[in-house]
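Subject: Structure handover, with notes on what was found

Dear colleague,

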Amino acid sequence: MSDVRNEVVKVLKDCGAIFINTKEFFTYSSGIKSPIYCDNRVLISYPTQRTFIANELAKLIMQKAPDCEIIAATATGAIAHGAWVAQILNKPLVYILSKNKTHGRAKMIEGVFELGQKCVIIEDLISSGQSSINALLAARAHGLNVDKIFSIFSYELNQAKENFAKNNCECFSLSGFSAFSSMLNEDELKILNEWRNAQK
């Protein structure tokens, strides 16, 4: 396992972004019940750690999508991270809402972009991948050229892999469940593996 994957999960753990509760499961926005929850929003309160995450995301984007012209962040969790990455890469930034606003210009994508621009999407977290796919489809429907999503952490569920493959999209995460699992005790690992194996 790469040093970056281990370092990222250590940063998340040190910042208190990852929680485990094997007795009362958390509920994801996708509806999935889980004993593990990663809340990357807490990173915005830690300048050194958020800078590390933004730099690693920027490096990964330059490795996997060097022709990227514009950064799109998903609202709301990835907006701050997307802004920092866009600043590092000196790229324009837009953010994608989960649905059209019901006021003002009723837009779903905020910011300025051009049709056909090569875009990557930044997510804070991947569970089922459905919210990422919704953002991907919205970006494509608005004329952006996008087939890659980058995230800070992924639960590495098969459902997400299937969703991305079905929509001709690659997903790259700085770290994920496999890196985090190396820090668990035997009992926690058993419960989390049973949970993962029970997912689609």
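The notes below go through helix packing, the backbone, an annotated site and a few individual residues.

Please keep in mind throughout that this is a predicted model.

Helix packing

Two packed helices are described by the angle between their axes and the distance between the axes. For helix α1, which covers residues 3-14, and helix α2, which covers residues 47-64, the axes come within 11 Å and cross at roughly 150 degrees. Since angles over 145 degrees count as roughly antiparallel, α1 is therefore roughly antiparallel to α2. The crossing in which α1 passes α2 is left-handed. On the α1 side the residues that meet α2 are Val4, Glu7, Val8 and Val11, and their counterparts in α2 are Gln49, Phe52, Ile53 and Glu56. Sorted by class, this contact of α1 with α2 has 5 nonpolar, 1 polar and 2 charged residues.

Helix α2 also packs with α3, at an angle of about 60 degrees and with the axes 9 Å apart, and these two helices are therefore oblique to each other. Their crossing is right-handed. From α2, the residues that make the contact are Arg50, Ala54, Asn55, Leu57, Ala58, Ile61 and Met62, while α3 contributes Trp84, Val85, Ile88 and Leu89. By class, the contact of α2 with α3 has 9 nonpolar, 1 polar and 1 charged residues.

Backbone

Most residues other than glycine have a negative phi, and most peptide bonds are trans. The peptide bond that joins Ala75 and Thr76 is cis, with omega at about -5 degrees, and Thr76 lies in the loop between β5 (70-74) and α3 (79-89).

Glu156 has a positive phi, near 60 degrees, and is a residue other than glycine; this residue is found in the loop between β9 (145-154) and α5 (158-166). With a relative accessible area of 16%, Glu156 is buried, because buried means under 20%. Asn168 likewise has a positive phi, in this case near 50 degrees, and its place is in the loop between α5 and β10 (170-176). Asn168, however, is exposed, with a relative accessible area of 63%.

The annotated position

The unreviewed UniProt entry places the feature "binding site" at Ser127. In the model, Ser127 is found in the loop between β8 (118-126) and α4 (130-141), and Ser127 is buried there, with a relative accessible area of 12%. Not counting residues up to four places away in sequence, Ser127 touches Tyr28, Ser30, Tyr155, Leu157 and Ala160.

Individual buried residues

Ile109 has its place in strand β7, residues 109-110, and is buried at a relative accessible area of 2%. Between Ile109 and Ala72 there are 8.8 Å in space, C-alpha to C-alpha, although the two are 37 residues apart in sequence. If residues up to four places away in sequence are not counted, Ile109 touches Val94, Tyr95, Ile96, Ala138, Ala139, His142 and Leu144.

Ser34 is found in strand β3, residues 33-34, and counts as buried at 0% relative accessibility. Once its neighbours within four places in sequence are left aside, Ser34 is in contact with Phe25, Phe26, Tyr28 and Trp195. Ser34 and Thr51 are 17 residues apart in sequence, and 29 Å apart in space, C-alpha to C-alpha.

Ile133 lies in helix α4 and, at 2% relative accessibility, counts as buried. Not counting residues up to four places away in sequence, Ile133 touches Asn163, Phe164 and Asn167. From Ile133 to Ile18 there are 115 residues in sequence and 24 Å in space, C-alpha to C-alpha.

How values were computed. Residues are numbered from 1 along each chain as its sequence is written. This is a predicted model: local features need pLDDT of at least 70, side-chain atom pairs count only at pLDDT 80 or more; totals for chains, interfaces and linings use all residues. Side-chain values use heavy atoms; hydrogens and water are left out. Axes are lines fitted to C-alpha atoms, for helices over the stretch in contact, and angles run from 0 to 180 degrees between N-to-C directions. Helices (H or I, at least four residues) and strands (E, at least two) are DSSP runs, numbered from the N terminus. Angles under 35 degrees count as roughly parallel, over 145 as roughly antiparallel, 65 to 115 as roughly perpendicular and the rest as oblique. A crossing is left-handed if the near helix is turned anticlockwise from the far one by less than a right angle, and right-handed if clockwise. Contact means heavy atoms within 4.5 Å. Ala, Val, Leu, Ile, Met, Phe, Trp, Tyr, Cys and Pro count as nonpolar, Asp, Glu, Lys and Arg as charged, and the others, Gly among them, as polar. UniProt positions are given in the numbering used here, feature names are shortened, and annotations may be inferred rather than shown by experiment. Buried means under 20% relative accessible area, exposed over 50%, partly exposed in between (1.4 Å probe, protein chains only).
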